[in-house]
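Please examine the sequence and the structure shown here. The report that follows takes up selected residues, helix contacts, aromatic pairs and backbone features in turn.

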Amino acid sequence: MNPPTSPPTIPPTSPPTSAASLFAYPRPQLVRDDWTSLNGAWEFAFDDERRHRCARDAIAWTRHIVVPFAPEAPASGIGDPGFHPCVWYRRTLDHIVLGQRVLLHFGAVDYAARVWVNDQLVAEHEGGHTPFTADITDALVADGPQVLVVRAEDDPADLAKPRGKQDWQLAPHSIWYPRTTGIWQTVWLENVGHTYIDRLRWTPIFDGFEIGCEVVTAGLQRSGLSVEVRLWHGEKLLADDVYHLVGQETSRKIALADPGVDDSRNELLWSPEHPTLLDAELVLRSGDIVLDHVRSYTALRSVSITRDRLMLNGRPYQLRLVLDQGYWADTLMTAPSDQALRHDVELARAMGFNGVRKHQKIEDPRYLYWADRLGLLVWEEMPSAYTFSPVAMSRLVREWTEAIERDYSHPCVIVWVPFNESWGVPNLTAMQAHRNAVEALYHLTRMLDATRPVIGNDGWEASATDILGIHDYDGDPHKLRDRYAADQQSNTLFDRRRPGGRILTLDGFPHRGQPIVLTEFGGIAYDASAQRHPTWGYTRSDSAEAFHALYRKLLQVVNETAMFSGFCYTQFADTFQETNGLLDADRMPKIPLEQISAATRNLAETGTP
């Protein structure tokens, strides 16, 4: 049967009616129709002594948990924030149709996972923020239920693994939050043919007005494979090409008609102001036989550095970012639903920001989908380990490589950040090995993705970097203005100023004219209920009026400081004891959104400059 020639659509998000329906299709850039969510009730067991090693062991299944919420989260039905280094999950898989390949997908399991189907080990994965997949076809039985068992090991005291903001103390303190153990993103089944599209990568090539398309297949190897690729802009068909695979993969450039004039070009270009996406459809064939059929999307946009400015689509672009930790009170690192992810994107835009710095978290792909579709820039940052060792660095490299591979094709992602504030490399000024780690991750990231800028170490002690990120929480707007005033020479700033008590650039890495972005500042804590529980923040306000006044003054300074190519305010929402959000933990604004938006954009509250 010939595939349809009308533009494909991403399945719409419907109101949740069950645990499984809280979340939409988990992999938005490679969509198939034949899939089953495994979110919902699973059997569960703690194994604090780590007595059990395999699915055949006599595990006492005394509890139930709601996947994909971690056992520390109240929404999981367990809500136990204690130290639990090992947990087990079990459920049956019903209604599996034999005859095709069956893939079992995990969005993220923290930290080391082993997976069995019918007592056969089908997958092992290490890394708490990245996905993995198992082909479970050969482990299925012809009759009777299929039994799925997952073991997740996540030592709370292990500081050598990428853990982001997860606290190593029993209770959250300072800027550290509850732990996330085990499954925390969607688990799902997918039926595919014996040969199928395994990986799809899109690369926008702005200078040539082209879209790079890479397709890699998996499963049964065949000769004579071809892939049909169609691209649409709305109802308009832009490309309808057929590429033959060499071996099991192909890589091609799709040329688009370049109108040559900005007004016409802008109709095709992606930006936060005009988030134009190109719908895509791919059909894998062997002769006339359709082997696979997927839907996707891409976008044409570029991000680059020219002198002291970040460029979006070849034009200087001023960044207005907000730091976003991606936590919820009842569900922790897991969003309550797909609608909650969309709402966070909408709130960031409503507050006047054109982007977010996702802090110490590899966010759910569905958040990136909504950022792509609604128009929001994303800086992606690797969750840190907190000790330096060959083991820590090898873990970091492996997981960071997987994160870049997962998110490479999202147009919203514009910057990669492998290190933050020297976390995990605390002796950069004294130890060459620590400096080598930052430089190595910078160059590795640039090798894995040459299309985006990279910040080697954000905040201070910069070495190899495309953007100089500065963290400065001085709450006095006048001091902040004077420190970064136009008459300040940049060499004076980098040689003498010590925000956070740290030098801004390491010896041998003077400022070379890169863009300067104030990537953390503000952090005004305001919580009307603060008398009832301890709170934490960088600067405090006692009333909504004082909070509004200080926010407006700080944002005026950073908007008007010519040295800055942009800024990132701390932070989007209150996160547990850290109450310096523009929103509270339930995403309610502390002052009206219109006031926040006007201050963010340095406009009068009437909306006029």
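Val87 counts as buried at 0% relative accessibility, where buried means under 20% relative accessible area, exposed means over 50% and partly exposed lies in between, with a 1.4 Å probe and protein chains only. Val87 has its place in strand E4, residues 86-93; strands (E, at least two residues) and helices (H or I, at least four) are DSSP runs numbered from the N terminus. When residues up to four places away in sequence are not counted, Val87 touches Phe44, Ala45, Phe46, Val150, Arg151, Ala152, Thr181 and Gly182, a contact being heavy atoms within 4.5 Å. The C-alpha atoms of Val87 and Arg50 are separated by 8.6 Å, although these residues are 37 residues apart along the chain.

This is a predicted model, in which local features need pLDDT of at least 70 and side-chain atom pairs count only at pLDDT 80 or more, while totals for chains, interfaces and linings use all residues. Residues are numbered from 1 along each chain as its sequence is written, and side-chain values use heavy atoms, with hydrogens and water left out.

## Trp35 and its contacts

Trp35 lies in strand E1, residues 35-37, and is partly exposed, with a relative accessible area of 25%. Not counting residues up to four places away in sequence, Trp35 touches Phe23, Ala24, Tyr25 and Pro26, and also Trp188, Leu189 and Glu190. From C-alpha to C-alpha, Trp35 and Asn191 are 6.4 Å apart in space, whereas in sequence they are 156 residues apart.

## Helix contacts

Two packed helices are described by the angle between their axes and the distance between the axes. The axes of helix H4 (residues 390-407) and helix H5 (residues 432-448) come within 11 Å and cross at roughly 25°; axes are lines fitted to C-alpha atoms, for helices over the stretch in contact, and angles run from 0 to 180 degrees between N-to-C directions. H4 and H5 are therefore roughly parallel to each other, since angles under 35 degrees count as roughly parallel, over 145 as roughly antiparallel, 65 to 115 as roughly perpendicular and the rest as oblique. The contact is made by Met393, Val397, Trp400, Thr401 and Ile404 of H4 together with Ala437, Leu441, Leu444, Thr445 and Leu448 of H5. By class, the contact of H4 with H5 has eight nonpolar, two polar and no charged residues, with Ala, Val, Leu, Ile, Met, Phe, Trp, Tyr, Cys and Pro counted as nonpolar, Asp, Glu, Lys and Arg as charged, and the others, Gly among them, as polar.

Helix H8 (residues 544-560) and helix H9 (residues 593-600) pack at an angle of about 25°, with their axes 8 Å apart, and H8 and H9 are therefore roughly parallel to each other. In this contact, His548, Tyr551, Arg552, Leu555 and Asn559 in H8 meet Gln595, Ile596, Ala598, Ala599 and Thr600 in H9. The residues of the contact of H8 with H9 divide into five nonpolar, four polar and one charged.

## Aromatic pairs

The structure holds 26 aromatic pairs, in which rings of Phe, Tyr and Trp (its six-membered ring) have centres within 6.5 Å, and planes under 30 degrees apart count as stacked, over 60 as edge-to-face and the rest as tilted. Trp168 and Trp176 form a tilted pair, 5.1 Å centre to centre with 55° between the planes; Trp168 is partly exposed, with a relative accessible area of 31%, whereas Trp176 is buried, with a relative accessible area of 10%.

Phe521 and Phe567 form an edge-to-face pair, 5.9 Å centre to centre with 90° between the planes. Phe521 lies in strand E30 (residues 516-522) and Phe567 in strand E33 (residues 564-570), so the pair ties together parts that are 46 residues apart in sequence. Both Phe521 and Phe567 are buried. Trp42, Phe44, Phe46 and Tyr89 form one aromatic cluster.

## Backbone features

The peptide bond from Val67 to Pro68 is cis, with omega near 20°, and Pro68 is found in the loop between strand E3 (63-67) and E4. A cis peptide bond also joins Thr570 and Gln571, with omega about 5°; Gln571 lies in the loop between E33 and H9.

Asn118, a residue other than glycine, has a positive phi near 50°. Asn118 has its place in the loop between strand E7 (112-117) and strand E8 (120-126), and at 18% relative accessibility Asn118 counts as buried. Glu461 has a positive phi of about 50° although it is not a glycine; Glu461 is found in the loop between strand E28 (457-458) and strand E29 (468-471), and is buried, with a relative accessible area of 4%.
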